[in-house]
Amino acid sequence: MLFRSRALASQGFTVALRRGTTAPANARVLAEVHPHTVRQAVNTMLLWSENNVAELLFRHVAIAMGEPANWPGARRAAMRQLTALGIDAGILKLMDGSGLSRADRLTALTLAQVIRLSRTDPRFASMYRPKGMPTAGISGTLDDRYGRYRTGDRKSTRLNSSHTDISRM
């Protein structure tokens, strides 16, 4: 808030910081914030491959684990959390939260463990609820493709991961 106040003041606005002030009943609304839950953020990230949300969540893992909300802190926190969840993170390299770094490294085994855990652990059920991930020909990054899978593409780096519910076959 202080930074915004300085920025506004530098543009000629008079700024007074007051805590606990209530606006008059007839005041015009200039902006509103409708906060979302972590579950909603995760669903947006998955459905739309939203890298900015992925970075934000990466840093929130750091905060939750008592680390600084920067890349090194988030990496340490994520590695500790994955290990605590039983994921073999031995050769996993996380440089960022979005997976866009060319230095990120992930083995097929680690990816399979994450997908299995997210499918079987009730804490991650929102990833598999209807509309939780892109649905072929219907929603998200797959609205004009087939299959139910996550995609990634950055020049020479490509990734497709999928989940098939064999109980429906």
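Reader: At what angle do the axes of helix 2 and helix 3 cross, and how close do they come?

Author: Two packed helices are described by the angle between their axes and the distance between the axes. Here the axes of helix 2 (residues 38–48) and helix 3 cross at roughly 140° and come within 8 Å. Helix 2 is therefore oblique to helix 3; angles under 35 degrees count as roughly parallel, over 145 as roughly antiparallel, 65 to 115 as roughly perpendicular and the rest as oblique. Axes are lines fitted to C-alpha atoms, for helices over the stretch in contact, and angles run from 0 to 180 degrees between N-to-C directions. Helices (H or I, at least four residues) and strands (E, at least two) are DSSP runs, numbered from the N terminus.

This is a predicted model, in which local features need pLDDT of at least 70 and side-chain atom pairs count only at pLDDT 80 or more, while totals for chains, interfaces and linings use all residues. Residues are numbered from 1 along each chain as its sequence is written, and side-chain values use heavy atoms, with hydrogens and water left out.

Reader: Which residues of helix 2 and helix 3 make the contact?

Author: Helix 2 brings V38, A41, V42, T44 and M45, and helix 3 brings V53, A54 and L57; contact means heavy atoms within 4.5 Å. By type, the residues of this contact are 7 nonpolar, 1 polar and no charged. Ala, Val, Leu, Ile, Met, Phe, Trp, Tyr, Cys and Pro count as nonpolar, Asp, Glu, Lys and Arg as charged, and the others, Gly among them, as polar.

Reader: Which residues in helix 2 are buried?

Author: In helix 2, A41, V42, N43, M45, L46 and L47 are buried (under 20% relative accessible area, with exposed over 50% and partly exposed in between; 1.4 Å probe, protein chains only). Just after helix 2, S49 has a positive phi of about 50°.

Reader: How do helix 3 and helix 4 pack?

Author: Helix 3 (residues 51–64) and helix 4 (residues 71–84) have axes 7 Å apart, at an angle of about 70°. That angle is why helix 3 is called roughly perpendicular to helix 4. From helix 3, E55, F58, R59, V61 and A62 meet W71, G73, A74, R75, A77 and A78 of helix 4. This contact holds 7 nonpolar, 1 polar and 3 charged residues.

Reader: What is in the largest nonpolar core?

Author: In soluble globular proteins, nonpolar side chains tend to be buried together. A nonpolar core is a set of buried Ala, Val, Leu, Ile, Met, Phe, Trp, Tyr and Cys residues joined through side-chain atoms within 4.5 Å. The largest one in this model has 11 residues: F58, A62, A74, A77, A78, L82, I87, A89, L92, L94 and L117. Helix 3 and helix 4 are the elements giving it two or more residues, and helix 4 gives the most, with 4 residues. Apart from this core lies another, of 9 residues, including L46, V53, L57 and M133.

Reader: Where is V15, and what is it in contact with?

Author: V15 sits in the loop between helix 1 (2–10) and helix 2. V15 counts as partly exposed because its relative accessibility is 34%. Neighbours within four places in sequence aside, V15 is in contact with S5, L8 and A9. S5 and V15 are 10 residues apart in sequence, and their C-alpha atoms are 6.1 Å apart.

Reader: How many helices and strands does the chain have?

Author: The chain has 5 helices and 2 strands, in the order α-α-α-α-α-β-β from the N terminus on. Of its 169 residues, 27% are buried.
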